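Please look through the sequence and the model shown here before reading on.

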Amino acid sequence: MELIIIAALILVGILAGILGGVFGLGGGVIFIPVLILIFGLKPDEAAAISLVGIIAGSLGSTSVQVTSGKANVRLGLLLEIASVVGAIVGASLAIWMDDVFVLVVLIAVLAFTGYTMSRKDRRTAEPVEGNGDRLSFEYAADDGTTKTFRLQHMSYAYPACIGAGIVSSLTGIGGGAIKVPLMNLVMRVPIKVATSTSSYMVGITALTGALVYATSGILITDYAAGIAIGALIGSVMGAFIVKKIDAKHLKRYFGYVLIAVSLLMLYKVGGYT
Amino acid sequence: MTDKVSLWTGWAMRISAVLGAVVLVAGILLDSYDVTFYGIILMVVSPLAGIAVSMVALLVQREMWWVYVALLLIGIILFELVDWYYSAAVIIVASVLMLADYLLSRRNSTD
């Protein structure tokens, strides 16, 4: 493969890694439209490459959050049981499913992510205090003290996590836009813990989908290599940049960009049909 | 707040990611499909390495129910890597151990 294409893919990976770090995204919302609209790949090929990029980006940004204890490993492991089952189903569906249907799901996820990012009033739920059982966890509160929270509504959480896993593997998008509100609003996980743990979980969900695609021979290795290297570099850069700037207003504008990209993708679906 | 599980898991993910990136760069520079492919596999399985290390750390801390949770997750992920019956065996063993641990803890709490 030409070095110029690999260099372009590395740049895309770096950009997605930085934006992912700044806006708390997995990077898939950038990889997928770019790979489909600019590089002309099929949705399943783009999804396979995007999942590798998401893993690289997740490793770069969340290994720090895991080491510092911001991401809750036990909570991530518990919820990933459902997400991984969904990811296996989603990747298997994507292999034989019609491209147009995959694109429609992708457009819906992009538009939903854009809408949630562009909203001014982001609703968050307060945690319920833990009682020392297995579903209770400790976290560092904003006032510097250590508090506890207990997971709520686990019976809703598991089907929702399976759904998030299916969407993630089917479209190649991390699924953080589904997991963070699910953990915070439904399971009452403190928002900061939910955000960090979601980033950790996204890498595990993407791993399963990426393996399905890799063993099916759909993964274009050179493209995936370029995206992965870029995403790893970009995510580390994004982790530093996010400390220097206030990304709240930028996040809203990026939400509008995603809605515009989803409309472009809708135009692409017109081309397919 | 940082316990052994978080610390070990984070470092396992970091080391595995750096190794994967080095192999990927080598693959691109050498223009070798095989080296690039192994680099991607190394990168992709990094989260799995993290889970395996989490399981060991949980085992060291004697948090057995969470060890079984990690084992169950590994079993499900293995479904794509090994023959299905190995994966099914791991999933069944982990599920039975989780259930037994749960029932034992409930009996102890009612006593």
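**Where the chains meet**

In this model, 40 residues of chain A are in contact with 41 residues of chain B, two residues being in contact if their C-beta atoms, placed from the backbone, lie within 7 Å. On the side of chain A that touches chain B, the elements giving two or more residues are helix H3 (43-67), helix H4 (73-96), strand E1 (136-140), helix H8 (191-216) and helix H9 (221-244) of chain A; helices (H or I, at least four residues) and strands (E, at least two) are DSSP runs, numbered from the N terminus. The residues of this side of chain A divide into 25 nonpolar, 10 polar and five charged, where Ala, Val, Leu, Ile, Met, Phe, Trp, Tyr, Cys and Pro count as nonpolar, Asp, Glu, Lys and Arg as charged, and the others, Gly among them, as polar.

This is a predicted model, in which local features need pLDDT of at least 70 and side-chain atom pairs count only at pLDDT 80 or more, while totals for chains, interfaces and linings use all residues. Residues are numbered from 1 along each chain as its sequence is written, and chains are lettered from A and ligands numbered from 1 in the order in which they are written.

The largest nonpolar core has 127 residues, and those touching the most other members are A:Ile49, A:Val52, A:Ile55, A:Ala210, A:Ala228, B:Ala70 and B:Leu73. Such a core is a set of buried Ala, Val, Leu, Ile, Met, Phe, Trp, Tyr and Cys residues joined through C-beta atoms within 7 Å, and a residue is buried if 20 or more other C-beta atoms, placed from the backbone, lie within 10 Å of its own. H8(A) supplies the largest share of this core, 13 residues. Leaving aside neighbours within four places in sequence, B:Leu73 is in contact with A:Leu77, A:Glu80, A:Ile81, A:Val84 and B:Ile51.

Turning to chain B, there are five helices and zero strands. Chain B is divided into domain 1 (1-61) and domain 2 (63-111), with bounds that come from an automatic or database domain assignment. The centres of these two domains of chain B, taken over C-alpha atoms, are separated by 24 Å, and eight residues of domain 1 are in contact with eight residues of domain 2. On the side of domain 1 of chain B that touches domain 2, the residues divide into six nonpolar, two polar and no charged. Of the 111 residues of chain B, 43% count as buried.

Notes
A residue is buried if 20 or more other C-beta atoms lie within 10 Å of its own, exposed if 12 or fewer, and partly exposed in between; C-beta atoms are placed from the backbone.
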